[in-house]
Amino acid sequence: AKRQGRNRFAYFAPAMHAGLVEKLDLAEDLRGAIERHELEVYYQPLVDLDDGAIVGAEALVRWAHPEKGYIAPDRFIPLAEETGLILPLGYEVLNTACRAAAGWRHPVPLRISVNLSPRQVQDPALVLYVRQTLLHSGLPAESLTLEITESLLSEDAEVAANRLAELKALGVRLAVDDFGTGYSSLSRLHAFPIDILKIPKPFVDGVAHGPEQAALARAIVDLAVALGLDVVAEGIEDAAQCAELRRLGCTVGQGFLFSRPVPRPQFDKLLSQGALV
Ligand code: C2E
Ligand code: CA
Ligand code: CA
């Protein structure tokens, strides 16, 4: 069996090797891009579904590779997580986003949402870093929402639970991204200081296709109401979805119906225009 294993290894090695080299190259490029501050932060408006008013934004990182063009976050974020580059990347995004949000002039205080990867939550320096970023940017803690993944809420997540409690103590808000798509124990939801559940796009897609398809989105809204949490829908693409989400009791959302994620100058322009519908 051992020999067979070796043969198998020999057979797959060239392809694996090529893939690995490409990955390492990309990781090296990413490291350079982070060091040279070449990553950009785009902002997607969070909108009051009743009147289209902008109530905040989600910060989403963008990487324009000098030769390969824009590379999707779904490709380089997992790579950044594997290599540990997610720490400097994540801090850069947090810093940029908080500074931008602190400068937004608007009748109501705007919220800024920043994605945190599990690896960042494991980082002992995270809480201090968030505190200093708030201090240096001048952004009020309650204006910052940190979006975490559902996998952090699984059974043996004691480090995560403690870390989230420390973050919460700073006064920031915590949202669970793509709620209902990963594993989490509903019975343990109350053990975490969560403020917001985000309805994932696939559930939003189904919402205008009858009660059965809408059941998942409805279940999240009902759960949020029962637990006293806010709920935010992502990936709203048409007016029918928006109307149906409002009917279910969801009051805040984001999606191409309102705006794609845009660079900061364009977001500032959207702000000055007021409502997005
Ligand atoms: P996510 O956090 O679930 O972000 C929402 C994604 O849905 C974004 O993709 C956004 O552009 C896209 N989206 C928003 N509205 C619509 C819509 O109406 N239709 C469609 N088709 N898509 C919509 P994006 O920017 O490509 O990011 C993908 C994922 O990469 C994010 O998913 C997030 O998990 C991760 N990511 C992005 N930026 C960061 C970051 O700064 N840090 C970390 N840790 N992860 C990030
Ligand atoms: Ca998110
Ligand atoms: Ca999502």
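Mentor: First, a term: on a 1 Å grid over the protein atoms alone, a pocket is an open set of points where a 1.4 Å probe fits, with protein on both sides within 12 Å along at least five of seven lines, and lining residues have an atom within 4 Å of a point. Its volume is the space filled by probe spheres set on the points, which are joined across faces, edges and corners. This is a predicted model, where local features need pLDDT of at least 70 and side-chain atom pairs count only at pLDDT 80 or more, while totals for chains, interfaces and linings use all residues. Residues are numbered from 1 along each chain as its sequence is written, and side-chain values use heavy atoms, with hydrogens and water left out.

Trainee: How much space lies in the second largest pocket?
Mentor: About 370 Å³. Its lining has 21 residues, with Arg111, Arg173, Ile196, Asp230 and Val252 nearest the centre.

Trainee: And the largest pocket, how much space is there?
Mentor: About 1,000 Å³. The lining there counts 36 residues, and Glu58 and Asn115 are among those nearest the centre.

Trainee: New topic: how many salt bridges does a search of the whole structure find?
Mentor: There are 14, each a side-chain nitrogen of Lys or Arg within 4 Å of a carboxyl oxygen of Asp or Glu.

Trainee: Which residue forms one with Asp50?
Mentor: Arg246, with the closest N and O atoms 3.0 Å apart. The two partners sit 196 residues apart in the chain.

Trainee: What about Glu237?
Mentor: Glu237 meets Lys201 at 3.3 Å, N to O.

Methods. Chains are lettered from A and ligands numbered from 1 in the order in which they are written. Helices (H or I, at least four residues) and strands (E, at least two) are DSSP runs, numbered from the N terminus.
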